[in-house]
Amino acid sequence: MKITVIGLGKVGMEITRRLCEEGHDILAIDKDESKLAKIYENNLDVIAMKGNGSSARILKSPEVAGSDLLVAVTNSDEINMIACMMAKKMDIARTVARIRDPDHARDLIVSKEDMGLDLVVNPEYAAAMEISRLLTVALPVHTELFADGKVLMADITVDETMTAFVNKKLKNVELPKACLIAAISRRGEMVIPGGKDIILPGDTIYVLGHADSVNKFFLKIKKKRQKMQDVIILGGGRISYYLAEKLNSLGIRVKIIEQNPDRCRDLAERLPETLVLQGDGSDIDILKREGIKDTDGFVAITGIDEENLLLALLAKQMGAKRVVAKVSRPSYAPLVERLGVDAAISPRLIMVSEILRFIRGGRLLSLFLLLNGQAEVFELIVQPGTKIAGKALKNSGMPKGVIIGAILRGEDTIIPEGNDVILENDRLVVFALGHIMHNIESLFNLGGSPFERKTYY
Amino acid sequence: MNGKLIIRTLGLVLICEAGAMLPSFFISLYYGESDMLPFLYSILLLAAPGFLLTLVRVKNKDVGHREGFAIATMAWLVTAACGGIPFLLSGSLTTFYDAFFETMSGFTTTGASVISDVEALPHGILFWRSLTHFLGGMGTIVLILALIPSLKVAAMQLYKAEVPGPTKSKVLPRILQTARQLWKVYVLISAAEAILLVLAGMPLFDSFIHTFGSVGTGGFSCKNTSIGAYNSLAIESIIIFFMILCGMNFALHISILRGNFKAYLYDPETRLYLGIIAISISLITLNLVYTLGYPPEEAIRSSFFTVSSIITTTGFATADFDRWPEFSKMILLLLMFVGGCAGSTGGAIKNVRFLILFKSAARQILKFIHPHAVVPVRLGREVVPDEVVENVQTFFFLYMLIFGASTLYISSLGLDLVTAASAVAATLGNIGPGLALVGPMTNYAALPDTGKLLLSFCMLIGRLEIYTVLVVFSIRFWR
């Protein structure tokens, strides 16, 4: 597929890299020469082009013409919108725009088709929803639904109290029917475990299976947990705004600590139910005075990864019950689990996974990028005539690092074993390590335009 | 300071005032009473110099803040001083202080009178007295702005000086359009009331007088016992309705006329205003029933009328509330400070200011608990800028300061505390009747001249909402 990416900021670069690795033909456009230079530094096999991505001149140029998709992720909402509108005029079939301004984003929910946008991604909004979910679920479990909610994947960090499986060999762990431990993340490394592997305290295990079974599994280890009642948010950016709005709507008391007085005023005006405090969040006194030791949730989402991590740790140590930090840089991801921060989110990764999910469109029904980007979970439908169809799993030549987590056949959900056979039109939930999408694609014979299929998650 | 322009504008004001006396002159002709010649002379006395002043050549048409404040204050002083001429010429009043007090009371829609026997006055004078309520209610300057487009340049400054409420309610993009629209609604409401009053059995002349009195929230009557003289439930109900209506923000009336029917419902100020009315009525009714043994219907009827009359700063009376129990009188005294809504014809501190004061007090307390909290003051969903909050706090302080100082002076004249305090509260808030010696069934005639002069200024300060007048009287202004 031919894809044009406008704007090579952090997100643009990440998307370019991932799409390129998956074998798409990429044209990357940016106004800034130094950004283009990075493309070559990273040895990406793409065309880089200098220019204003929203201008007709650029969009008409032969390089761009005939693109199947345009992804506009410059730092300006307006340029992204205009680029997409222009692109539609130039007969580019699909457009994706990043829109971050809360006011625009809200309008676009109603009118995105009129504006020529097929997908509007708001990374801050998506991140805020993710944090809100992390804070309000009953266990520190990260869950993701697949196959219209029939299949659930959940991760949980194991500690000594979870006697049901801590320090046990995997084959000795009692699992409910129709669910399996798909992966273990140990000290930041993702492994697909075999039956002899032992689960250690501090590991994060990923459990995949039928939704009811997974829930039953976690019921066993469910601790008594109070309802989330108040949350302190450090940093007053856009994520904080969306998050506070969301938490307020759930009846949770929110305090935002932000340093910039103007930003404080703006937040206070927009969020009538939130208490906005002006001050330096790294100042212990203000955190103490605002009751950090009794708070149910603490969210560090300032612009600085290091600060977020350290303050989240500090909050945890002082008694905050659940702490979440924003960590944009993927290289810090392995640290998060070791440090004891309950969860880390990266708006960039959330956004990239949203765009990838869209691009993969019909063939991969839903895609979920695990935090550190080391593994993906996605759904697909077995097309008629694929190599793998009709073979038992153990004979299918599945590459290492790929697990078929679930097969959905009609109304049935099967958690497959080696002897199970994959049939045409089965719906699969696949767990894969690393960026081995293209391997899987050839295995499932998924060439051609993804937009031919009507099913789109 | 653009002196020539101010003089020329004052000339226009005089001509307009002379024009406003014409209806009274025709009425005196119709009734063939003794006030015919005084009106003729007054009109000439005002129109001639007014005409001469308008001949002043104005080269520089710049109007700044200062000119706006100066014109507003002087125009009010001049209209009040000259508006008293018919009273003096006709012999209805004998001293300048009385005439100034009476006219100022009229234009500021106070309704405090120094005339003991109004029923003896000729019809022309009565009509003029009440017409000043009508003109002053929506603001004479706003009226002049609506009528004379040549004042366009000065419009914004003048409007700001005369309609200084904390929330600007410019309904239309242009001030002139706004002024016209406001007057249109105002005249519409007045016509409706006059017709209803006639239908309810009030004589035509009286219905005009009381319409002017209630839509301007003034309170002058043509009966010595005010509305009580008619002893008609229908008339009282009509007047209650229109008093309360005119105590609300006229910008809201305009949005209602434009089809935004929920405007009243969602306006926090209107809700507070109606809430205060309801609570005051209930408390006073209970107090009257249990302390004085009133029959409940009568207690409701007189408390409803009196509360509406006082909170809207009208000052009509159906009962001598001075004889009510202390608790009821205290409620009424407090209502004198509350007043109507911003953008209404009512006076006093106004509900929206109390709303802002309450919210800012709550914020202050919250700040003690969370010293770093950033909390905006809100009206409904709207955020009130901090300058406005500060403006309101200062306004409240100045209001109380002027109230205190004036009460001190009036009591030095040998009047008792209740009389002094209620007289100042009733004039500063543009209500009219106070308590004790200046109660609803007596008047201000007994006060010494200096007292009358001071109270006249209280009315002006109250009507122009303090700042406009104080600015003109500050030293910096003239440098």
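At what angle do the axes of helix H14 and helix H15 of chain B cross? Here are some friendly notes.

1. This is a predicted model, in which local features need pLDDT of at least 70, side-chain atom pairs count only at pLDDT 80 or more, and totals for chains, interfaces and linings use all residues. Residues are numbered from 1 along each chain as its sequence is written, while chains are lettered from A and ligands numbered from 1 in the order in which they are written.

2. In chain B, H14 (residues 268–292) and H15 (residues 296–311) cross at roughly 140°, their axes coming within 8 Å. Helices here are DSSP runs of H or I with at least four residues, and strands are E runs of at least two. Axes are lines fitted to C-alpha atoms, for helices over the stretch in contact, with angles from 0 to 180 degrees between N-to-C directions.

3. H14(B) and H15(B) are therefore oblique to each other (under 35 degrees is roughly parallel, over 145 roughly antiparallel, 65 to 115 roughly perpendicular, and the rest oblique). By class, their contact has 12 nonpolar, 4 polar and no charged residues (Ala, Val, Leu, Ile, Met, Phe, Trp, Tyr, Cys and Pro count as nonpolar, Asp, Glu, Lys and Arg as charged, the others, Gly among them, as polar).

4. Between the chains, 11 residues of chain A are in contact with 8 residues of chain B (C-beta atoms, placed from the backbone, within 7 Å). The chain A side divides into 7 nonpolar, 2 polar and 2 charged residues.

5. Strand E14(A) and strand E1 (residues 373–374) of chain B run antiparallel, joined by 2 bridges (pairing takes at least two DSSP bridges). A:Val276 stands opposite B:Val374 in E1(B).

How values were computed. Two residues are in contact if their C-beta atoms, placed from the backbone, lie within 7 Å.
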